[in-house]
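Colleague: I'd like to learn how to read a few features from a set of coordinates. Could you walk me through some?

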Amino acid sequence: MSATIPGFSRIEIRTDGKRDIANAAYELRQLADELDRLAGLGHCDETLTILAHHKIKATSQMLRGK
């Protein structure tokens, strides 16, 4: 893989109580649905990886409170 194509993505979740956990569960289900949708669009692997990385990063930032 090229240095510009992410090799992995991660989610960071604020865990300061039930509300944070419940919100994370909801958002992770939404992310999973979006990743399924993206995977079915027929993009090449590199394009799909970049699109997925941006969705994962945005979800992580939201769940971290940024």
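Modeller: Happy to; we will take a helix, a residue ahead of that helix, and a pocket. Keep in mind that this is a predicted model.

Colleague: Which residues of helix 1 are buried?

Modeller: Here is the general idea. An α-helix has 3.6 residues a turn, so residues three or four places apart point the same way. In helix 1, the buried residues are Ala24, Glu27, Leu31, Glu34 and Leu38. They cover an arc of only 90° around the axis, which puts them on the same side of helix 1. That buried set packs against helix 2 (45–64). On the face turned away from the buried side, helix 1 carries the exposed residues Lys18, Arg29, Asp33 and Asp36.

Colleague: And Ile5, is that residue buried or exposed?

Modeller: Ile5 is buried, since its relative accessible area is 10%, and buried means under 20%. Ile5 sits in the segment before helix 1 (18–39). Leaving out residues up to four places away in sequence, Ile5 touches Glu46, Thr49 and Ile50.

Colleague: What volume does the largest pocket have?

Modeller: Rolling a probe the size of a water molecule over the atoms shows where empty space is left. Here, the largest pocket has a volume of about 180 Å³. Its lining residues include Phe8, Arg10, His53, Ile56 and Arg64. By type, the lining of the largest pocket divides into 2 nonpolar, 4 polar and 4 charged residues.

Notes. Residues numbered from 1 in each chain as written. Predicted model: local features only at pLDDT ≥ 70, side-chain atom pairs only at ≥ 80, totals over all residues. Heavy atoms only, no water. Helix = DSSP H or I, 4+ residues; strand = E, 2+ residues; numbered from the N terminus. Buried < 20%, exposed > 50% of the residue type's maximum accessible area, 1.4 Å probe, protein only. Contact = heavy atoms within 4.5 Å. Arc of directions from axis to C-beta. 1 Å grid on protein atoms, 1.4 Å probe; cavity = no way out; pocket = protein on both sides within 12 Å on 5 of 7 lines; lining within 4 Å. Points joined across faces, edges and corners; volume = space filled by probe spheres on them. Nonpolar A, V, L, I, M, F, W, Y, C, P; charged D, E, K, R; others polar.
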